[in-house]
Amino acid sequence: LFRSTEAGSPAAFCVLARRLLLAGQPTEAIDGCRHALAVDPAHADSLHLMAEICLHLGQLDQAIEWVARAVRIEPRAAYVSTLGTVLQRSGKLAEALKAFEKAISIEPENAELWKNFGAVLMDLNHPDQALLGLQQALKLHPRYVEAANLGGLILYRKQRHAEALDR
C-alpha cells in the first residue's frame, strides 16, 4: 500500500495515513506516518497526525509528545489547538488554556479555537470568562451550534433562563 505512494514523499504518505485514520484504520495510519517520518523526521503534518492518532486511541501522553514536536517545528494554530485538546483531556487545564490562547493569537478569526477556549474555562469553573470566549466564537460564526449550546448551558446554570433559551 505505501510502496506505490508518489515516490515516497512524506506529504503523500501523510495524506494516505489521514485517509486510513478517517476510514477507521488507526494502526495502518500509524504505518503511513512512520513511512513519512522515515523520509523526513521533521515533517510537521505527519507528527501532528501521529498526535491525532494517539488522541483517537486514548494514548494522551504519546499524543502530547508528538504534537509538541510538531509545534516546535511549525507552530500552526491547528497543531497548538490539538495540544490544547490533549492537555484538556489529560486534566491539565491551565496548560490547555495557555495552548488555546496561543492558538487564538495565531488565528484569532477561528471560531472553533474560541469555543475550545471557552470550554476549558468552563472546566476551570470560570463561567463568565467562558461566556465571553463563546460569544466571540458566535460573533465569528453565528450558527455555531456547539458554542451556542455551551453558552446556553452557562446561562442556564447561572439561572439566566430567558437568555439561555435565546441561544
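User: How many of the 13 residues of helix 7 are buried?

Analyst: Start with the terms. Helices (H or I, at least four residues) and strands (E, at least two) are DSSP runs, numbered from the N terminus. Buried means under 20% relative accessible area, exposed over 50%, partly exposed in between (1.4 Å probe, protein chains only). Helix 7 is mostly covered, with a buried count of 11 of its 13 residues.

User: Which residues of helix 7 are buried?

Analyst: This is a predicted model: local features need pLDDT of at least 70, side-chain atom pairs count only at pLDDT 80 or more, and totals for chains, interfaces and linings use all residues. Residues are numbered from 1 along each chain as its sequence is written, and side-chain values use heavy atoms, with hydrogens and water left out. The buried residues of helix 7 are Ala111, Leu113, Trp114, Lys115, Asn116, Phe117, Gly118, Ala119, Val120, Leu121 and Met122.

User: What covers the buried residues of helix 7?

Analyst: Look for other helices packed against these residues. Contact means heavy atoms within 4.5 Å. The cover includes helix 5 (77-89), helix 6 (93-106), helix 8 (127-140) and helix 9 (145-157).

User: How far apart are the end C-alpha atoms of helix 7?

Analyst: The expected span of a helix is 1.5 Å times one less than its number of residues. Helix 7 has 13 residues (111-123), so it should span 18 Å. The model agrees with this, as the end C-alpha atoms are apart by 19 Å.

User: Which residue caps the N-terminal end of helix 7?

Analyst: A polar contact is a pair of N or O atoms within 3.5 Å; within protein, one must be able to donate a hydrogen and the other to accept it, and residues adjacent in sequence count only if both atoms are side-chain atoms. Here a side-chain oxygen lies 2.9 Å from the backbone nitrogen of Glu112. The cap that supplies this oxygen is Asn110.

User: What is the phi of Asn125?

Analyst: Asn125 follows helix 7, in the loop between helix 7 and helix 8. Asn125 counts as exposed because its relative accessibility is 62%. Although Asn125 is not a glycine, its phi is positive, about 65 degrees.

User: Where is Gln159 found?

Analyst: Gln159 is not a glycine, yet its phi is positive, near 60 degrees. Its relative accessibility is 62%, so Gln159 counts as exposed. Its place is the loop between helix 9 and helix 10 (161-166).

User: Is Ser46 buried or exposed?

Analyst: Ser46 is found in helix 3. Leaving aside neighbours within four places in sequence, Ser46 is in contact with Pro10, Cys14, Cys33, Ala36 and Leu37. Its relative accessible area is 0%, so Ser46 is buried.

User: Which helix supplies the largest share of the lining of the largest pocket?

Analyst: On a 1 Å grid over the protein atoms alone, a pocket is an open set of points where a 1.4 Å probe fits, with protein on both sides within 12 Å along at least five of seven lines; lining residues have an atom within 4 Å of a point. The largest pocket holds about 330 Å³, a volume filled by probe spheres set on the points, which are joined across faces, edges and corners. Helix 3, helix 5 and helix 7 each supply at least two lining residues. The largest share, 7 residues, comes from helix 5.

User: How far apart are the C-alpha atoms of Arg89 and Val120?

Analyst: Arg89 lies in helix 5. It counts as exposed because its relative accessibility is 56%. Arg89 and Val120 are 31 residues apart along the chain, and their C-alpha atoms are separated by 9.9 Å.

User: How many helices does the protein have?

Analyst: The C-alpha atoms fill a box of roughly 60 × 25 × 25 Å along the principal axes. Of the 167 residues, 47% count as buried. The secondary structure has 0 strands, and its helices number 10.
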